[in-house]
Amino acid sequence: MADSLPTEFDVVIIGTGLPESILAAACSRSGQRVLHLDSRSYYGGNWASFSFSGLLSWLKECQQNSDFEEESAAVWQDLIRETEAAITLCRKDETIQHTEVFCYASQDVDDNMEETDALQRTPSSEASSTLTKPPDSACLAEETHHVTSYEMPAKDTAKNVGKISLEITDVEETLVKESNCGDKTCIHTVSDGDKDENKPVVKDNTDQPKRNSITYSQIVKEGRRFNIDLVSKLLYSQGLLIDLLIKSNVSRYAEFKNVTRILTFREGKVEQVPCSRADVFNSKALTMVEKRMLMKFLTFCVDYEQHPDEYQAFMQCSFSEYLKTKKLTPSLQHFVLHSIAMTESSCTTIDGLKATKNFLQCLGRFGNTPFLFPLYGQGEIPQCFCRMCAVFGGIYCLRHKVQCFVVDKESGRCKAIIDHFGQRINAKYFIVEDSYLSEDTCSNVRYKQISRAVLITDQSILKTDSDQQISILIVPPAEPGTCAVRVIELCSSTMTCMKDTYLVHLTCSSSKTAREDLESVVKKLFIPYGETEIDKEEVTKPRLLWALYFNMRDSSGISRSSYNGLPSNIYVCSGPDCGLGNEHAVRQAQTLFQEIFPSEEFCPPPPNPDDIIFDGDDKQPEAPETKNIIIAKLESSEECKNLESPGKHLQN
């Protein structure tokens, strides 16, 4: 395979995370020859999404990385000439730590018990070695492969309804159409997930609401219904990523759904927060006086820059202190701080006002909340930009490791890479994701960490008439000095979980291990599956079927000067940050692109398919107004047709 790779490129990009994929699309679109590599067997890096079995395979890879032994570098070192120096790249992924897996769902006694025996033991605080042997993962590639057309590996494209293809004419109609994954509901005996052995319990209690029983075996069988994100984010409807998707027409590769509810956790209860003007005045949780106070404050926030006298005296205060001066009731202060601005109590007044304004400006563009979620998970977004890069000639290679950068000693610039086959590939510019850099290069870097939890539950955290809700909840910190926890709950119509289950993501900045940071919130909102039979008074809580905790490196905010000895033509992209949106990734990609190609437009709209002609086509355009004809080398007419949208696009 490596022998067929060209040896000359304009840009070599290592890593397929969101910023790298955006850069690949932008470079390819501007006519650069792009080689996009990833040592992993899947697209997205830490932005990826997995089926359930794929997630278990990913966990095994994390364990293998922790047991990794360094290989001899003698082979590629012999390829370095006397006038050159080498910058070694990292040979193992150290961005994921403290993985802990818990299985609370009962076993079906008729199925293979060995498959989950290990998962029901208490895991260690290191990379978990208590992982099951999953079925063969459909999302992991078997071998290195090249992609030179728009055809990109993707998840099963099942027909969907209830989706937003970002050209919405009727939001309400879109939300009504729902499609559920999975077609089986089984009732089995329940086991206590905290025990090593299964203990059948009689489930005949007429006082409890009727709820379906989900077994671990059923989760495994329906594993391909899951698309589990490593990083949990949403798209602001007026955010940079949505604008980029529309401008570049990459939105044709993805479909979205509205987040239907914004929730708050107050006085031990989960409540829905009114967002729009209609919601505010229809809310029964607020008094008429509170409704007027809230609308007055939100109206001010929309154009707060026009009234500097209202906040300049409080610039040095925290946003929570500023809210107290606006004579808002404690409940309104809680709503604004944790459910509208979605900031920490310690954030500055100006940052709180900016966040509130951003929230309000995003309302109403595609629905009743400011947020969208991509069908099949966040991992679809990097793949969408990879598809665009491939359409314009980018070459892709997964499972392709890079041993080192080759630096010319005289000029001090990087001139090539050497891959694990020993092939030298030359380029003008190199873009690399932070996790590929070695310890020597990053010895002065101080990383932050993100605490993550992924839960599978059997019921929504706030039950309503509809079981197809997409919700976001900010749980305030229980103690001063700790961070709020962001909870995103996804239903089956998002194509991320099986029918009769919910996929719940918890995220916060790390102070300890992920389990230590998040377990208290999990206990507030959920109850382990087996314990519902013992604590009958808490049966209204969603039952926790399966849980994964892990810490992820946050490399955002690292300045270039922190890295040791990088040549000027090597550019570093960070991994996912802890924020709710994708603004940091888009802004970073745009900044780096403009540094590399200052005269080029960043991700311009694609050409109109009607204006594309083939080389050697004798037919000349008849209309004089078609002056800007784009000549493209396409291998087949199918590539040309693919530039057209298969359906509705995301348009404002």
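# A buried aspartate and its surroundings

Asp-229 is buried but takes part in no salt bridge. The nearest side chain of opposite charge belongs to Arg-452, 6.8 Å away. A salt bridge needs the nitrogen and the oxygen within 4 Å. The model is predicted. A search of the whole structure finds 20 salt bridges and 0 disulfides.

**Around Asp-229**

- Asp-229 sits in strand S7, which covers residues 228-229.
- A polar atom of the Asp-229 side chain lies 2.9 Å from the backbone nitrogen of Gln-378.
- Beyond its neighbours within four places in sequence, Asp-229 is in contact with several residues, including Phe-373, Gln-378, Arg-452, Val-454 and His-505.

**Strand S21 and its partners**

- His-505 is the bridge partner of Val-454 in S21.
- Ile-488 also stands opposite His-505.
- S21 pairs with strand S18 (residues 448-457) in the antiparallel sense, over 8 bridges.
- S21 also pairs with strand S20 (residues 485-490) in the antiparallel sense, over 5 bridges.
- Strand S21 (residues 502-509) is largely enclosed by the rest of the structure, because 7 of its 8 residues are buried.

**Salt bridges across the chain**

- Glu-100 and Arg-515 meet through their side chains in a salt bridge of 3.4 Å, N to O.
- Glu-100 lies in strand S5 and Arg-515 in helix H14, so this pair ties together parts 415 residues apart in sequence.
- Glu-100 is buried at 4% relative accessible area, whereas Arg-515 is partly exposed at 24%.
- Asp-243 and Arg-365 also form a salt bridge, at 3.4 Å, N to O.
- That pair links helix H7 to the loop between helix H12 and strand S12, 122 residues apart.
- Asp-243 is partly exposed at 35%, while Arg-365 is buried at 15%.
- Lys-357 forms a salt bridge with Glu-305, with the closest N and O atoms 2.9 Å apart.
- Lys-357 is in helix H12 and Glu-305 in the loop between helices H9 and H10, so the bridge ties parts 52 residues apart in sequence.
- Lys-357 is buried at 16%, and Glu-305 is partly exposed at 37%.
- Arg-81, Glu-84, Lys-415 and Arg-424 are linked in a network of salt bridges.

- Cys-414 is in no disulfide either, as the nearest cysteine sulfur, in Cys-404, is 8.7 Å away.
- Cys-386 counts as buried at 0% relative accessibility, and Cys-414 counts as buried at 4%.

Notes
Residues numbered from 1 in each chain as written. Predicted model: local features only at pLDDT ≥ 70, side-chain atom pairs only at ≥ 80, totals over all residues. Heavy atoms only, no water. Helix = DSSP H or I, 4+ residues; strand = E, 2+ residues; numbered from the N terminus. Buried < 20%, exposed > 50% of the residue type's maximum accessible area, 1.4 Å probe, protein only. Lys, Arg positive; Asp, Glu negative; His and termini not counted. Polar contact = N/O pair within 3.5 Å; in protein donor to acceptor, adjacent residues only side chain to side chain. Contact = heavy atoms within 4.5 Å. Pairing = 2+ DSSP bridges. Disulfide = S-S within 2.5 Å.
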